2 protein chains.
Amino acid sequence: MLIDTIAIVGVGLIGGSIGLALKRRRVTRRVVGVGRRAASLRAARRLGAIDHGTLDLGRGVADAELTIFCTPVDLIADQARAAAASCPSGAIFTDSGSTKARIVARLETGLPNDVNFVGSHPLAGSEKRGVAEARPDLFDGRVCVVTVTPQTPLQALAVVKSLWRSIGARVLTMSPEAHDAALAFTSHLPHLAAAALSIALPEKYNELIATGFRDTTRIAASDPDLWTAIFVENAGPLLRSLTSFEQTLREFRTALKSRDTQRLRQLWKQSHAKRQELAQREGIHEDD
Amino acid sequence: MLIDTIAIVGVGLIGGSIGLALKRRRVTRRVVGVGRRAASLRAARRLGAIDHGTLDLGRGVADAELTIFCTPVDLIADQARAAAASCPSGAIFTDSGSTKARIVARLETGLPNDVNFVGSHPLAGSEKRGVAEARPDLFDGRVCVVTVTPQTPLQALAVVKSLWRSIGARVLTMSPEAHDAALAFTSHLPHLAAAALSIALPEKYNELIATGFRDTTRIAASDPDLWTAIFVENAGPLLRSLTSFEQTLREFRTALKSRDTQRLRQLWKQSHAKRQELAQREGIHEDD
């Protein structure tokens with residue numbers, strides 16, 4: 001890549017890991033971090049995730065040919081619109097948000113200064129937060145979705161795909177709507193189910209949880225603000241995946257009510273086969 | 001403990017781990033394994049989980065002062081009743097089944113040969129099976145529920161509690177019904193939710209799963225026969241926990257439908273606090 005300066009807005013787990021990976025792999029000469037807290041930016045610089053940190057969005061993006069927004073999904077569109085006024089003409093913007101349709105719709109056209117936005121979502125992270133949790137290999141072999149619409153400028157698309165590949169990710173391209181429908185099932189619904197299991201557990205049974213409960217509800221400890229924003233942004237597709245989940249729960253309910261051993265075994269066999277298939281898939285097809 | 005011979009019926013992950021732990025800690029002189037397949041019994045002997053293996057239930061328990069049934073929950077009561085005719089008079093039986101009320105009701109009174117049954121459930125294991133997965137430290141620091149009813153003979157209860165403590169477990173005593181109500185929430189409902197998430201995932205989204213989905217559905221790969229039996233045995237309490245889970249899902253649905261940010265944040269905060277509390281509990285109170 002021939003990019004001199006890359007800005008990262010939001011230097012937490014994801015932004016910090018991108019910075020570490022960019023520096024480690026010498027993808028760019030200079031990484032500028034934009035944050036809300038001086039202490040986080042100092043930590044990011046100490047860890048080697050950024051070369052320079054600033055609290056000022058305009059100054060942070062002033063020299064950046066490429067800016068990556070790694071802030072909560074409800075902030076990305078406003079921040080990108082604000083930043084576009086201050087960055088070099090023709091700069092490229094992307095993001096790491098877990099929802100895409102609303103963000104892309106608000107940013108794909110009409111940004112000042114000939115700025116081009118292409119949506120991204122690297123499928124990496126954890127329920128933890130903060131630059132202290134950042135790792136340069138966070139994206140190694142992980143899928144990163146890059147969104148494409150009839151409006152997507154091809155040159156910017158190529159740059160954004162190269163960006164993710166340069167830090168180890170495997171790129172899949174799809175429409176923002178296809179992304180959101182898929183992630184509703186593969187990420188947002190499991191978060192909702194984990195949160196609901198955690199909430200539904202009566203206090204008095206705390207002593208009797210075991211590994212099954214722990215694993216199943218690990219993501220119930222995810223950040224409330226981040227996940228509230230994701231749920232609101234992707235409410236439509238999430239409601240549709242929830243309907244499908246509730247339908248499956250009703251099938252279990254019907255079988256349980258009549259102690260229908262055969263039907264319960266059928267459901268368990270289906271679950272077992274599906275989960276084994278997911279575990280055994282050797283790799284994920286990479287988009288070219 | 002002053003027990004010369006302990007029999008383990010069903011030498012898989014749990015039975016094998018009990019055997020390894022008993023041998024490692026020299027709790028008894030001799031461990032006899034009873035199984036359905038000669039190859040598994042040979043493997044168990046090779047691994048040091050048992051001293052002697054047999055396919056014959058009657059012969060296996062003939063010299064055992066204590067027998068532990070580690071077979072699927074739908075087999076335990078019949079096997080224990082059959083074994084009671086062949087074991088030393090006054091022997092003690094226990095089990096490792098994930099459900100308790102039906103098993104205890106069928107075994108607590110009327111066993112031939114003055115055999116006393118006390119129900120147990122060590123909260124340990126995984127979605128894996130077989131003696132090859134057995135570990136001598138599987139019960140270290142883990143809770144083992146031992147059931148108590150007005151009919152439970154106190155001497156047998158003391159022996160069974162000592163058994164689990166001798167292999168590292170922390171014993172909690174409670175009624176079989178209290179156990180089943182609790183485990184419906186802490187184990188069976190998470191299994192049901194994981195299975196339903198796995199089943200509900202449309203095939204075409206397989207490429208887009210990430211760690212959240214993987215963790216949340218790990219136990220969806222559990223053995224279909226074992227879990228069908230557990231669901232049938234504990235259908236009543238499981239249906240009640242499912243009702244409570246579905247109610248929480250409806251609260252999310254209502255908030256999502258109206259894009260109610262405040263309510264969604266409230267739910268997420270509840271989930272986050274609850275899950276953090278479970279993660280931070282330093283230890284589980286041990287029953288004395």
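Start by selecting helix H6 of chain A, residues 154-166, in this predicted model. Its buried residues pack against strand S4 (66-69), strand S5 (92-95), S7, S8 and S9 of chain A. Show side chains for A:Val160, A:Lys161, A:Leu163 and A:Trp164, which are the buried ones to look for in H6(A). Now turn the view so that you look down the axis of H6(A): the buried residues fall within an arc of 155°, so they line one face of the helix. An α-helix has 3.6 residues a turn, so residues three or four places apart point the same way. On the other side of H6(A), pick out A:Leu154 and A:Gln155, both exposed.

While the helix is still selected, try its length. Step just past the end of H6(A) and you reach A:Gly168, which has a positive phi of about 100°.

**Next stop: the sheet**

Select S7, S8 and S9 of chain A. These 3 strands make an open sheet in the order S7-S8-S9, with mixed pairing. Strand S7 (120-122) and strand S9 (170-174) stand at the edges, each with a single partner strand, so one side of each has no neighbour in the sheet. From one strand to the next, the twist averages 20°.

Zoom in on strand S8 (residues 143-147), which pairs with S9(A) in the parallel sense over 5 bridges. For a landmark, find A:Val143, which stands opposite A:Arg170 in S9(A).

Bring the helices back into view. H6(A) lies across S7, S8 and S9 of chain A, running at about 170° to S8(A). Helix H7 (residues 176-200) of chain A also packs on the sheet, touching S7, S8 and S9, and its direction makes about 140° with that of S8(A).

Key:
Residues numbered from 1 in each chain as written. Chains lettered and ligands numbered in written order. Predicted model: local features only at pLDDT ≥ 70, side-chain atom pairs only at ≥ 80, totals over all residues. Pairing = 2+ DSSP bridges. Helix = DSSP H or I, 4+ residues; strand = E, 2+ residues; numbered from the N terminus. Axes fitted to C-alpha atoms, helices over the stretch in contact; angles between N-to-C directions. Contact = placed C-beta atoms within 7 Å. Buried ≥ 20, exposed ≤ 12 C-beta atoms within 10 Å, placed from the backbone. Arc of directions from axis to C-beta.
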